Number of protein chains: 2
Amino acid sequence: MLSPFDDEYFMRKALEEAEEAYTKGEIPVGVVVVINNRIIARGHNLTETLNDVTAHAEMQAITAAANFLGGKYLVDCTMYVTLEPCQMCAGALYWSQLSKLVFAAEDHQRGYRKNGGKLHPKTQIKHGILEEEASALLKRFFIEKRNLN
Amino acid sequence: MLSPFDDEYFMRKALEEAEEAYTKGEIPVGVVVVINNRIIARGHNLTETLNDVTAHAEMQAITAAANFLGGKYLVDCTMYVTLEPCQMCAGALYWSQLSKLVFAAEDHQRGYRKNGGKLHPKTQIKHGILEEEASALLKRFFIEKRNLN
């Protein structure tokens, strides 16, 4: 029997977070952290709202997941994020020893792969899940932003 | 006339923060952020205390400095930190567009330069100020840690 809890299911939850960011005028990136098919942390980009460059969705979710687990390592956790992490977030994920990272859209400009960043050797990586939806939301945001300015 | 507020003066303040971390059983790294010879943010590593891999001294100080300034860019700011930033912190500093980074000890293992990380093109970089003191404190910490385990 197929499990209803597949990568697409959880990436859709991350997309809901991205949409939440969008409604706040934030670059729409969302994330959930999952362990044993259970979401233990959610987050969306809040850099403008908090006036804080460190307030990326992933950073908040790493902190929240560690709080939930009572320990700082995200062992057996999968992070679903709608955009490829940047250098900062990849560095945080490195320290967290995350087990698996799944991201939707690639970031050819600021993504960690383009910028020489690296994840922990233990971290499995998968991408492309709901890539079109995640990219479309980002494009919509930037087009609207340009038209407003 | 020489200013009393030179790089060594501010790095010594960062070292005081590192000593504070040391007394808490944290890897001793400390930081101050300075604008116009005034310290606007301080921080020390709190990853163990907070159970949070993102709680590096630099990350806290970036958030605190942005709060002080009321904006997320650390333009005209200098960060003094006792150890070369890691990939995560370099990524955060990249986003912050920090004007100048001064670090004491190099980190040949986890430092951003070794790990392909990069700062913002606008950021000036200087290192080696109070390097011996900063390294000695780190060495003392790790020797004591080994002897306790």
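Trainee: What makes B:Leu130 buried?

Mentor: B:Leu130 has a relative accessible area of 10%, and buried means under 20% (exposed is over 50%, partly exposed in between, with a 1.4 Å probe and protein chains only). The value falls under the cut-off, so B:Leu130 is buried. This is a predicted model, in which local features need pLDDT of at least 70, side-chain atom pairs count only at pLDDT 80 or more, and totals for chains, interfaces and linings use all residues. Residues are numbered from 1 along each chain as its sequence is written, chains are lettered from A and ligands numbered from 1 in the order in which they are written, and side-chain values use heavy atoms, with hydrogens and water left out.

Trainee: Where does B:Leu130 lie, and what is its phi?

Mentor: B:Leu130 belongs to the loop between β5 (124-127) and α4 (131-148) of chain B; helices (H or I, at least four residues) and strands (E, at least two) are DSSP runs, numbered from the N terminus. The phi of B:Leu130 is positive, near 55°, in a residue other than glycine. Most residues other than glycine have a negative phi. B:Gln97, which is not a glycine, likewise has a positive phi of about 55°; B:Gln97 follows α3(B) and sits in the loop between α3 and β4 of chain B.

Trainee: Why is α3(B) described as largely enclosed by the rest of the structure?

Mentor: Nine of the 10 residues of α3(B) are buried, so the helix is largely enclosed. Among them are B:Met88, B:Cys89, B:Ala92 and B:Tyr94. The cover over the buried residues includes α2 and α3 of chain A, together with α2, β3 (78-83) and β4 (100-105) of chain B.

Trainee: Why are α2(B) and α3(B) called roughly parallel?

Mentor: Helix α2 (residues 57-69) of chain B and helix α3 (residues 87-96) of chain B pack at an angle of about 20°, with their axes 9 Å apart. That angle makes α2(B) roughly parallel to α3(B), because angles under 35 degrees count as roughly parallel (over 145 is roughly antiparallel, 65 to 115 roughly perpendicular and the rest oblique). Axes here are lines fitted to C-alpha atoms, for helices over the stretch in contact, and angles run from 0 to 180 degrees between N-to-C directions.

Trainee: Which residues of α2(A) meet α3(A)?

Mentor: In chain A, A:Glu58, A:Met59 and A:Ile62 of α2(A) meet A:Met88, A:Cys89, A:Ala92, A:Leu93 and A:Ser96 of α3(A), where contact means heavy atoms within 4.5 Å. The residues of this contact comprise six nonpolar, one polar and one charged.

Trainee: Is A:Leu148 buried or exposed?

Mentor: A:Leu148, in helix α4 (residues 131-148) of chain A, has a relative accessible area of 74% and is therefore exposed.

Key. Ala, Val, Leu, Ile, Met, Phe, Trp, Tyr, Cys and Pro count as nonpolar, Asp, Glu, Lys and Arg as charged, and the others, Gly among them, as polar.
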